[in-house]
Amino acid sequence: MLRIVIFLGIGLSLGIDRYFAQGPTGAPVAVQVSPLPTATPVVFSSQTLADLKRVQQAALASDYAYRQVAHLSNNIGPRLTGSAQAAKAVEYVTNELKAIGCEVQLEKVMVPHWVRGEETAALVQFPGQAENTTQKIVLCALGASVATPPEGITANVVAVRTFDELKSMPRDKVAGKIVLFNYPYDKQMAAEGNGGEAYGEAVVYRGDGPSSAARQGAIACLIRSVGGADYRIPHTGQTRYAADAPKIPAGAVTAEDADLIVDLVRQGTVKMKLVLTPQTLPDVESYNVIGDIKGSEHPEQVIVVSGHLDSWDLGTGAIDDGAGVAVSMEAANVIQKLHLKPKRTIRVVAWMNEENGSAGSKQYAKDHANEMSNHFSAMETDGGAGHPLGLNIKGNPEVKKILAPVAAILQESGAGMLHLAEHCGADIEPMEKAGVPAFSPIQDSRFYFNYHHTAADTLDKIVPKELAENSAVVAVAAYALANSEQPLPR
Ligand SMILES: [Zn+2]
């Protein structure tokens, strides 16, 4: 932020600087120095900058986004792809976007339909066990998991921390067993503000753990829940079966249960009974919901503002990602309420199927493949509803300089940081790859992964003021991009 302030300071002083020169009489005369050209041409007109401040204030004062996420999470509920609730959410957002005057299209996409079944586990043999007792294990199935037989499986447990540790074990130590990957989520890293990075490190075990265990003959695979939850609640999410390994049932035990199992395995033989009965049903037809405010000068140029409408099934999908859909809708709502006329088209997208396949974003990339040069920018909010610190930018580093005047406005609510990021969102990744400049709010990630993908992802985790701050960032960025006087370098 310091650098931005200095940059603006220099820009201002250039316009008003005078210096004194000697006149013919020797008397000093004031000489007006014509303003030097600034490093970049005018990107945001004074009218646009004034409008951005109005957009910001309107978004900060509005409860529209909160009411939207409240409806999605409380009235509709969990919105796992393929479910009746996901279909209801499509219908709801369609109607809401129409109500604020967007041109709405439903773009068809075929999506997977996985449903959770029974999920129970108990340790039936372990060192020091009291007679005729078991130890309950709290767990959930991972998305895409295949089922055990209805009566379950009973097998010894092998506990490892990493892939390398598993690979170093002879096959006969693993074959026929249940493998537990006990790789912990780094809470310290999250406390330092890098929740996404901590998540990224641990989540590879959810994706690749089951197939790597199956390659060594395991009959089921459990992982330590990814994330910082510490009230003994499991964390779901998609696993990814590799083509070269048998598909084995896969689940996540709570962090507490992972610790318990590891402690007992260290002492001797541990046998578990595991029942997981999820089902994969035939694919169903679903939709990305697309709502446009048509541009007044360049209607063919599109500013995508988005979140994903589907959610996991354990909670009600408030922070992941009802919030992202709601703040995107709010951007359109505020612009309409203020009767502003964006020069480019602002396109709200509520993506389907981010959580277990990304079918929606892949379909969009396919259907709009030859319009990518007209996609001026793409934004996604998918990091919860925590206080935003600024904007992530995936694109040409020049974009950061160009947006400095916008950052100065965003700093009014503490969101003035501009950060060049590797990646801005799962659903906009195909557009990032096609060279479209991508953005996302930088959101406080310290607590997000305590709730994400768990039964505790519920509306109460959203602080209305912080949600409105996110709306303001998204709305200001969207309107600034829509009314930029210059194209963004790619
Ligand atoms: Zn998400």
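**Core and helix packing**

Analyst: The crossing of H3 and H15 is right-handed, that is, the near helix is turned clockwise from the far one by less than a right angle. Helices here are DSSP runs of H or I with at least four residues, numbered from the N terminus. The model is predicted: local features need pLDDT of at least 70, side-chain atom pairs count only at pLDDT 80 or more, and totals for chains, interfaces and linings use all residues. Residues are numbered from 1 along each chain as its sequence is written.

User: At what angle do H3 and H15 pack?

Analyst: About 110 degrees, with the axes of H3 (residues 64–76) and H15 9 Å apart. The axes are lines fitted to C-alpha atoms over the stretch in contact, with angles running from 0 to 180 degrees between N-to-C directions. H3 and H15 are therefore roughly perpendicular to each other, a class covering 65 to 115 degrees.

User: Which residues make that contact?

Analyst: Ala65, Tyr66 and Val69 from H3 meet Pro464, Leu467, Ala468 and Ser471 from H15; contact requires C-beta atoms, placed from the backbone, within 7 Å.

User: New topic: how many residues has the largest nonpolar core?

Analyst: That core has 141 residues, and Val179, Ala475, Val476, Ala477 and Ala478 have the most contacts inside it. Such a core joins buried Ala, Val, Leu, Ile, Met, Phe, Trp, Tyr and Cys residues through C-beta atoms within 7 Å, buried meaning 20 or more other C-beta atoms within 10 Å of a residue's own.

User: Which helix gives the most to this core?

Analyst: H15 (residues 464–482), with 13 residues.

Terms used:
A residue is buried if 20 or more other C-beta atoms lie within 10 Å of its own, exposed if 12 or fewer, and partly exposed in between; C-beta atoms are placed from the backbone. Helices (H or I, at least four residues) and strands (E, at least two) are DSSP runs, numbered from the N terminus. Angles under 35 degrees count as roughly parallel, over 145 as roughly antiparallel, 65 to 115 as roughly perpendicular and the rest as oblique. Two residues are in contact if their C-beta atoms, placed from the backbone, lie within 7 Å.
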